[in-house]
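Please open the model in a viewer and keep the selection tool ready.

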Amino acid sequence: AHRIRNCLELLVELTARMPKKGEKKAPVQTGTAAVAAPEYEQAMDNGAKVIILHPGSSFLRLGKQLDPFPRSIPHVIAVRQANTSTAEQRLPDDVIGIERATTEEEDGRQEEAFQAVHQLVKSLRTNTGGRRQHIPAAQLITANEASFPMELREDSVPWTDVSARPPYVIGDEALHLQPGTPYDLHWPMRFSDFNINSKSGYPTQHTLECVFNDLEKLWGSAIEQYLEIPPEEFRDFSVVVLIADIFEHRFVKELISLIVTRMGFEAVIVHQESVCATYGAGLSSACVVDIGDQTVSVSCVDEGLSLHHTRVRADFGGRDVTRCFSWIMGKIKFPYKKCNRYGRLDGILLTQLKESLCHMDPDIHGLVTHEFEVHRPCKSIEMYALKCADEGFKAALGLFYPSMMGLAPYQRIHYA
């Protein structure tokens, strides 16, 4: 109703400006001295009062409506422990979602799927029909075993300073806490929903309330730090929230209550990710495939509406590809022998290597030498030379062979 009233007022104003019968039109101003129309200025002012939030399982994207690009930070908060004397009770620093195989049968299925992918890659040809060059694993193992690190300058990236004992830190600062500090990492979102399962890292009681408290702190601090909007001005801003295509009404209800009631924003509107993707691409209809860090979703959009019967979600994604890539790298003797894939910094390193080396392009083949640096705060940078071939290709194909990622595929598919 508020927008309709504004449109009617604008229509009345434009009608009043129109020349009456017998009057001549005023000359149109040109050049740099021309002043913008009041309605354009009003639209710009309204856009500056809109915040867009895209909360993912691993990353939070946020920005103002008029910003050209969003800011992206890890969707994690490190909360200071109430009892700092029990350091052994700290929760594991899970960054890439390591899920260890628990039985020999699962190990066997994973190896069987890997051999199937290996034979598939060997039989592939390039897009022009040419033969692809295949490098034996023994050659890669020999090359990587003979690779030693080269020490460079001392790393200038410090550990996060918590000498002031802040109650919490967020984003990259949370991931760069020095080991042994009395903070627990909390990931409030999991599989595009609130992280309230038994392995969420929250207390067994009042789990949902703990998630809301973390989201309120995380989002409020991110908006204040990256968008420069203090909490006392939240009441002057509206929020657009992007959610997954498959969702529960309970999730939307709690999300709106969190933003409006607890954080104090003026208004909120919820949009589906696939619909916003087509708007951003300038399309009215499309099949949207979203490969996220923990989920892969498919949805068909027709004339700006997500078709209900076409929505599919698989509970595996880029994080599982990273874990599979790390497992395959171990088969060819990954040169960074001190790599701890259960740690925060090495988990980030493996994710970066996955983004650089994993692909699905059959025209990329043969021996590849990739140099990467290992950064440790207050220590020298070490540079390694990795020899690999189709390992990145095989890891990416894990999206079509979930068993190779150590997953049971049919238990992870959800339909709307």
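This is a predicted model: local features need pLDDT of at least 70, side-chain atom pairs count only at pLDDT 80 or more; totals for chains, interfaces and linings use all residues.

**Stop 1: aromatic pairs**

How many aromatic pairs does a search of the whole structure find? The search finds eight. Select F114 and W327, which form an edge-to-face pair with 5.6 Å from centre to centre and 80 degrees between the planes. F114 belongs to helix α3 (residues 104-123) and W327 to helix α9 (residues 318-331), so this pair ties together parts that lie 213 residues apart in sequence. W327, at 21%, counts as partly exposed, because the partly exposed class lies between under 20% for buried and over 50% for exposed.

Next, select F194 and F251. Their rings form a tilted pair, 4.7 Å centre to centre, with 50 degrees between the planes. This pair also links distant parts of the chain: F194 is in strand β9 (residues 193-194) and F251 is in helix α7 (residues 249-262), 57 residues apart. Are F194 and F251 buried or exposed? F194 is buried, at 4% relative accessibility, and F251 is buried as well, at 5%.

**Stop 2: salt bridges**

Side chains of opposite charge can pair when their charged atoms come close. A search of the whole structure finds 10 salt bridges.

Select D390 and R132, whose side chains meet in a salt bridge of 3.1 Å from N to O. D390 counts as buried, at 5% relative accessibility, and R132 counts as buried at 6%.

Move on to R262 and E209. The side chains of R262 and E209 form a salt bridge with an N to O distance of 3.3 Å. R262 is in helix α7 and E209 in helix α6, so the pair ties together parts 53 residues apart in sequence. Which accessibility class does R262 belong to? R262 counts as partly exposed, at 29% relative accessibility. E209 is likewise partly exposed, at 40%.

The next selection is D346 with R376, a salt bridge with 2.2 Å between N and O. D346 is in helix α10 (residues 344-357), and R376 is in the loop between β16 (368-374) and β17, 30 residues apart. Both D346 and R376 are buried.

To close this stop, select D193, E248 and R250 at once. A network of salt bridges links these three residues.

**Stop 3**

Switch to a surface view. Which residues gather in a patch of negative charge? Select E224, E232, E233, D236 and E266, which make up this patch on the surface. One member, E224, is found in helix α6 (residues 207-226). With 41% relative accessibility, E224 counts as partly exposed.

Now select M360, F400 and Y401. These residues form a nonpolar patch on the surface, and together they have about 310 Å² of accessible area. Y401 is placed in the loop between α11 (391-396) and β18 (413-415). Y401 counts as partly exposed, at 31% relative accessibility.

**Stop 4**

D302 is partly exposed, with a relative accessible area of 39%. How far are the C-alpha atoms of D302 and S284 separated, and what is what lies between them along the chain? The separation is 6.4 Å, and the two residues are 18 residues apart along the chain.

Key:
Residues are numbered from 1 along each chain as its sequence is written. Side-chain values use heavy atoms; hydrogens and water are left out. Patches are made of residues with over 30% relative accessible area and no salt bridge: like charges are joined within 9 Å, nonpolar side chains (Val, Leu, Ile, Met, Phe, Trp, Tyr) within 5 Å. Accessible areas come from the Shrake-Rupley method with a 1.4 Å probe; for residues, only the protein chains shown count as cover. A salt bridge is a side-chain nitrogen of Lys or Arg within 4 Å of a carboxyl oxygen of Asp or Glu. Lys and Arg count as positive and Asp and Glu as negative; His and the chain ends are not counted. The place of a charge is taken as NZ of Lys, CZ of Arg, CG of Asp or CD of Glu. Helices (H or I, at least four residues) and strands (E, at least two) are DSSP runs, numbered from the N terminus. Buried means under 20% relative accessible area, exposed over 50%, partly exposed in between (1.4 Å probe, protein chains only). Rings of Phe, Tyr and Trp (its six-membered ring) pair if their centres lie within 6.5 Å; planes under 30 degrees apart count as stacked, over 60 as edge-to-face and the rest as tilted.
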